[in-house]
Amino acid sequence: MTPKRLGILISGRGSNMEALLRAALDPAWPCEPALVLSNRPDAGGLDKARSYGVHTAAIDHKNYGKDREAFERAVDAELRNAGVELVALAGFMRVLTPWFVNAWAGRLINIHPSLLPLYPGVDTHQRCLDAGDAVHGCTVHQVTAGVDEGPVIGSAEVDVMPGDTADTLAARVLKAEHQLYPRCLAAVARKGGTRVREDLVSDGVRVRLYAPRG
Ligand code: GRF
């Protein structure tokens with residue numbers, strides 16, 4: 001199959017972005033990174049993306065004041081200029097308006113550091129510890145108008161360990177994110193037919209992947 005042209009939106013260090021760029025080094029992975037775009041011109045992930053030879057852009061949301069849709073129209077234009085077909089949010093710290101979400105419906109994917117529907121929003125690791133949960137993880141999902149809602153594509157679970165702090169737990173979940181996100185994007189790009197596609201344990205992380213309905 002022809003690889004899907006992938007746009008990755010970031011705001012920071014871009015470790016999930018890097019996991020996707022690494023996955024793309026395998027010719028069998030069905031996406032081709034076409035653009036990494038940040039709303040923060042100083043995001044560390046931009047340099048990292050360039051080191052992989054990927055085209056980058058920065059569109060500073062501060063230049064658009066309160067006009068979120070004007071900012072998003074600029075982002076949308078960059079994505080379309082780059083021929084992007086599928087957009088992955090990877091630590092992109094702007095809530096998107098329904099206009100953008102609708103424009104990319106079905107082709108806009110996010111990764112969130114909790115087992116959704118548990119703990120949408122921020123401070124997920126501390127909230128998991130405060131609740132005394134035995135298991136935590138991350139979720140990749142389609143983006144819809146509600147924040148951290150939308151159909152789940154896949155999730156990965158990690159055990160909460162005695163003595164875990166929010167930081168140690170976050171580090172373990174981040175490793176799981178790096179395993180999960182490339183698998184989920186591959187599933188979306190291939191539009192596999194069956195619902196449960198993969199259920200595997202790797203490096204102590206339990207990954208459950210659902211193929212989106214094609
Ligand atoms: C990740 O934990 C991701 O789940 C969340 O923001 C963080 C981004 O980290 N949405 P990175 O920039 O990918 O390292």
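Pro117 is placed in the loop between strand E5 (108–112) and helix H5 (124–131). Helices (H or I, at least four residues) and strands (E, at least two) are DSSP runs, numbered from the N terminus. The model is predicted: local features need pLDDT of at least 70, side-chain atom pairs count only at pLDDT 80 or more, and totals for chains, interfaces and linings use all residues. Residues are numbered from 1 along each chain as its sequence is written, and side-chain values use heavy atoms, with hydrogens and water left out.

**The loop between E5 and H5**

The peptide bond that runs from Leu116 to Pro117 is cis, and its omega is near 15°. Tyr119 also has its place in the loop between E5 and H5. Its phi is near 55°, which is a positive value in a residue other than glycine. Asp123 lies in the loop between E5 and H5, and the phi of Asp123 is near 55°, again positive in a residue other than glycine.

Is Tyr119 buried or exposed? Tyr119 counts as buried because its relative accessible area is 13%, where buried means under 20%, exposed over 50% and partly exposed in between (1.4 Å probe, protein chains only). Asp123 has a relative accessible area of 56% and is therefore exposed.

His125 lies in helix H5. With a relative accessibility of 14%, His125 is buried. The side chains of His125 and His136 are joined by a polar contact of 2.9 Å. A polar contact is a pair of N or O atoms within 3.5 Å; within protein, one must be able to donate a hydrogen and the other to accept it, and residues adjacent in sequence count only if both atoms are side-chain atoms.

**The ligand site**

Which residues surround the ligand? They are Arg13, Gly14, Ser15, Asn16, Gly91, Ile111, His112, Pro113 and Glu177; a residue is near a molecule if one of its heavy atoms lies within 4 Å of it. By class, this shell holds 2 nonpolar, 5 polar and 2 charged residues. Ala, Val, Leu, Ile, Met, Phe, Trp, Tyr, Cys and Pro count as nonpolar, Asp, Glu, Lys and Arg as charged, and the others, Gly among them, as polar. Helix H1 (15–23) and strand E5 each supply at least two residues of the shell.

An oxygen atom of the ligand has a backbone N or O atom of Asn16 at 2.8 Å. A polar backbone atom of Ile111 is 3.1 Å from a nitrogen atom of the ligand. From Glu177, a polar side-chain atom lies 2.7 Å from an oxygen atom of the ligand. Taken alone, the ligand exposes 370 Å², and the protein buries 84% of that; accessible areas come from the Shrake-Rupley method with a 1.4 Å probe, and for residues only the protein chains shown count as cover.

The ligand takes up the space of the largest pocket. On a 1 Å grid over the protein atoms alone, a pocket is an open set of points with protein on both sides within 12 Å along at least five of seven lines. A molecule sits in a pocket if more than half of its atoms lie within 2 Å of its grid points.

**Residues apart in sequence**

Met17 is part of helix H1 and is buried, with a relative accessible area of 0%. Gly12 lies in the loop between strand E1 (4–10) and H1; at 27% relative accessibility, Gly12 is partly exposed. Gly83 has its place in the loop between helix H3 (68–81) and strand E4 (86–89), and its relative accessible area of 31% makes Gly83 partly exposed. Val95 is in the loop between E4 and helix H4 (98–103). Val95 is partly exposed because its relative accessible area is 48%.

The table gives a partner for each of these residues, with C-alpha to C-alpha distances.

| Pair | Apart in sequence | Apart in space, C-alpha to C-alpha |
|---|---|---|
| Met17 and Gly91 | 74 residues | 8.5 Å |
| Gly83 and Leu35 | 48 residues | 9.0 Å |
| Val95 and Asp148 | 53 residues | 9.9 Å |
| Gly12 and Arg172 | 160 residues | 19 Å |

Technical notes. 1 Å grid on protein atoms, 1.4 Å probe; cavity = no way out; pocket = protein on both sides within 12 Å on 5 of 7 lines; lining within 4 Å.
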